[in-house]
Amino acid sequence: MNIYPSSHVHPLGPVLEDTIAAMVTEGGYVDPAVGEWSAIVAGCDAFLILTPQFNWGYPGDLKNAMDHLYGEWRGKVVMLVTYGGHGGSKCGTQLRQVLQGLKMRVVPEEVSITLPEGYI
């Protein structure tokens, strides 16, 4: 099992590929950073997404990282952990729809962590 170090931020820019991710065959990405990201995701069996809720949604960088790929996500198990002033349930709902669109196997239980008002 490959574990992607959480301290490393992958250099993915905006989606600029000429072909939509759903039509790209494995290894067929033009941008080397996307090819690297593809190899990392393809090498994992499952994912835990820990994300904050911003303005009732999830961060754009997370959506961007998902949108660069398609086939690599398909069939992978994913669990959501959201956090924020109200626990992050609204971003979890949005994210769940996207993950289902990517044909991922979303764990039905979701962890929502409500941050104390003083922390926010």
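Visitor: In what order do the elements of the protein run from the N terminus on?

Guide: Helices (H or I, at least four residues) and strands (E, at least two) are DSSP runs, numbered from the N terminus. Here the order is α-β-α-β-α-β-β, with three helices and four strands in the protein. This is a predicted model, in which local features need pLDDT of at least 70 and side-chain atom pairs count only at pLDDT 80 or more, while totals for chains, interfaces and linings use all residues. Residues are numbered from 1 along each chain as its sequence is written, and side-chain values use heavy atoms, with hydrogens and water left out.

Visitor: In which element is confidence lowest, and in which is it highest?

Guide: The score to read is pLDDT, the predictor's confidence in each residue, from 0 to 100. Helix H1 (residues 32-42) has the lowest confidence, at a mean of 90, and strand S3 (residues 105-106) has the highest, at 98. For the protein, the mean pLDDT is 87, and 89% of its residues reach 70 or more.

Visitor: What percentage of the residues in the protein do buried residues make up?

Guide: Buried means under 20% relative accessible area, exposed means over 50%, and partly exposed lies in between (1.4 Å probe, protein chains only). Of the 120 residues in the protein, 38% are buried. Accessible areas come from the Shrake-Rupley method with a 1.4 Å probe, and for residues only the protein chains shown count as cover. The protein has an accessible surface of about 7,600 Å², and carbon and sulfur atoms hold 57% of that surface.

Visitor: How much of the contacts with a separation of 6 or more comes from residues 24 or more positions apart?

Guide: Contact means heavy atoms within 4.5 Å. In this protein, residues 24 or more positions apart account for 76% of the contacts with a separation of 6 or more.

Visitor: Which residues of H3 are buried?

Guide: Start with the general idea. An α-helix has 3.6 residues a turn, so residues three or four places apart point the same way. In H3, the buried residues are Cys91, Gly92, Leu95, Arg96, Val98 and Leu99. Seen down the axis of H3, they fall within an arc of 165 degrees, so they line one face of the helix. The arc is that of the directions from the helix axis to the C-beta atoms. The cover over the buried residues of H3 includes S1, H2, S2 and S3. Leaving aside neighbours within four places in sequence, Val98 is in contact with Tyr58, Lys63 and Met66.

Visitor: How far apart are the end C-alpha atoms of H3?

Guide: The expected span of a helix is 1.5 Å times one less than its number of residues. H3 has 13 residues and should span 18 Å. Its end C-alpha atoms are 19 Å apart, which agrees.

Visitor: Which residues of H1 are buried?

Guide: They are Ala33, Val34, Trp37, Ser38 and Val41. These residues cover an arc of only 140 degrees around the axis, which puts them on the same side of H1. Their cover includes S1 and H2.

Visitor: What does a side-chain oxygen of Asp31 reach at the start of H1?

Guide: A polar contact is a pair of N or O atoms within 3.5 Å; within protein, one must be able to donate a hydrogen and the other to accept it, and residues adjacent in sequence count only if both atoms are side-chain atoms. The oxygen of Asp31 comes to within 2.8 Å of the backbone nitrogen of Ala33.

Visitor: Is Thr82 buried or exposed?

Guide: Thr82, in strand S2 (residues 77-84), has 0% relative accessibility and therefore counts as buried. The side chains of Thr82 and Ser112 form a polar contact of 3.4 Å.

Visitor: Where is Gln53 found?

Guide: Gln53 is in the loop between S1 and H2, and is buried at a relative accessible area of 14%. The Gln53 side chain reaches the backbone nitrogen of Ser89 at 3.4 Å.

Visitor: What value does phi of Trp56 take?

Guide: Phi of Trp56 is near 70 degrees, a positive value in a residue other than glycine. Trp56 is exposed, with a relative accessible area of 52%. Just after H3, Lys103 also has a positive phi, of about 65 degrees, and Lys103 is partly exposed at 42%.
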